Amino acid sequence: MADWKQISGTLVRIAAGSRTNVWGVNAAGNIYRYTNNDASPWVQIPGALTDIGAGADGTVWGVNSAGNIYRYTGDREAAHWKQISGALVRIAVGSRTNVWGVNAAGNIYRYTNNDASPWLQIPGALTDIGAGADGTVWGVNSAGNIYRYTGDREAAHWKQISGGLKAISVGSRTSVWGANAGGNVYHYTNNDANPWLQIPGALTDIGAGADGTVWGVNSAGNIYRYTGDQPS
């Protein structure tokens with residue numbers, strides 16, 4: 001994996017909002033935040049999660065094995081996390097105002113920024129979702145089909161993009177990354193006629209930030225930071 005630098009540690013899920021906001025979860029559910037110090041790269045954060053999302057503005061959300069949803073409140077509170085009503089198995093964070101999730105049935109939800117009535121269901125069915133800081137949203141379904149969110153201006157809400165992916169992550173309109181069922185890694189070219197450029201390496205989960213930061217983990221739990229030139 002010449003385009004990737006291995007970072008010490010072991011994770012099964014990773015999220016990158018930016019170079020300075022990288023979070024992960026290991027197989028035991030322990031939560032880690034990247035320290036920006038390769039000598040001692042991870043600090044453990046209290047709590048237990050199975051998926052995590054990190055935004056460019058520092059926003060962090062997570063879900064646990066029971067489907068409970070949490071928003072990170074930071075070190076100023078001993079609990080570190082505030083539970084938000086609802087149930088999700090996957091969560092993606094572009095920013096404080098762009099949080100999306102998918103539940104166990106594949107239903108899609110967008111956060112309303114209103115904790116009293118936090119989730120608005122969006123038509124469609126997905127198994128993974130990615131949300132960018134600029135409002136960009138992509139998803140994949142159980143068949144591996146790839147969709148880009150077109151917003152409320154279209155009845156379908158989603159436009160299918162050719163290709164097949166199992167995991168997807170969105171930093172922005174120009175930073176969309178995914179991994180397929182075989183672990184192959186792809187970067188979106190911003191050209192729907194020829195949408196995907198394969199990047200050398202093998203990953204099972206990927207995190208893409210708004211600033212071009214990309215991290216990934218493989219099936220062994222090894223952690224990698226992308227060092228290659230960003231494709232044009």
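Predicted model: local features only at pLDDT ≥ 70, side-chain atom pairs only at ≥ 80, totals over all residues.
Residues are numbered from 1 along each chain as its sequence is written, and side-chain values use heavy atoms, with hydrogens and water left out.

Start with the overall build. The chain has 24 strands and 0 helices; these are DSSP runs numbered from the N terminus, with E and at least two residues for strands, H or I and at least four for helices. Along the principal axes, the C-alpha atoms fill a box of roughly 50 × 45 × 25 Å. The radius of gyration is 16 Å, which agrees with the value near 17 Å that a compact globule of 232 residues would have (C-alpha atoms; the rule is 2.2 Å times the number of residues to the power 0.38). As for contacts (heavy atoms within 4.5 Å), 45% of those with a separation of 6 or more are between residues 24 or more positions apart.

Now look inside. There is 1 cavity of 30 Å³ or more, and about 210 Å³ of space lies in the largest cavity. A cavity here is a set of points on a 1 Å grid over the protein atoms alone where a 1.4 Å probe fits but cannot get out, and lining residues have an atom within 4 Å of a point. Its volume is the space filled by probe spheres set on the points, which are joined across faces, edges and corners. Of the 32 lining residues, Ala15, Gly53, Ala92, Val93 and Ser169 are the closest to the centre. Strands giving two or more residues to the lining include E2 (13-18), E10 (90-95) and E18 (167-172).

Two residues are worth a visit. Arg148 sits in strand E16 (residues 146-149) and, at 21% relative accessibility, counts as partly exposed, the class between buried and exposed, the latter being over 50%. Leaving out residues up to four places away in sequence, Arg148 touches partners including Trp138, Trp158, Tyr188 and Asp192.

Pro195 lies in the loop between strand E20 (184-188) and strand E21 (196-202). Pro195 is buried, because its relative accessible area is 6%. With residues up to four places away again not counted, Pro195 touches Ile161, Ser162, His187, Tyr188 and Thr189.

Terms used:
1 Å grid on protein atoms, 1.4 Å probe; cavity = no way out; pocket = protein on both sides within 12 Å on 5 of 7 lines; lining within 4 Å. Buried < 20%, exposed > 50% of the residue type's maximum accessible area, 1.4 Å probe, protein only.
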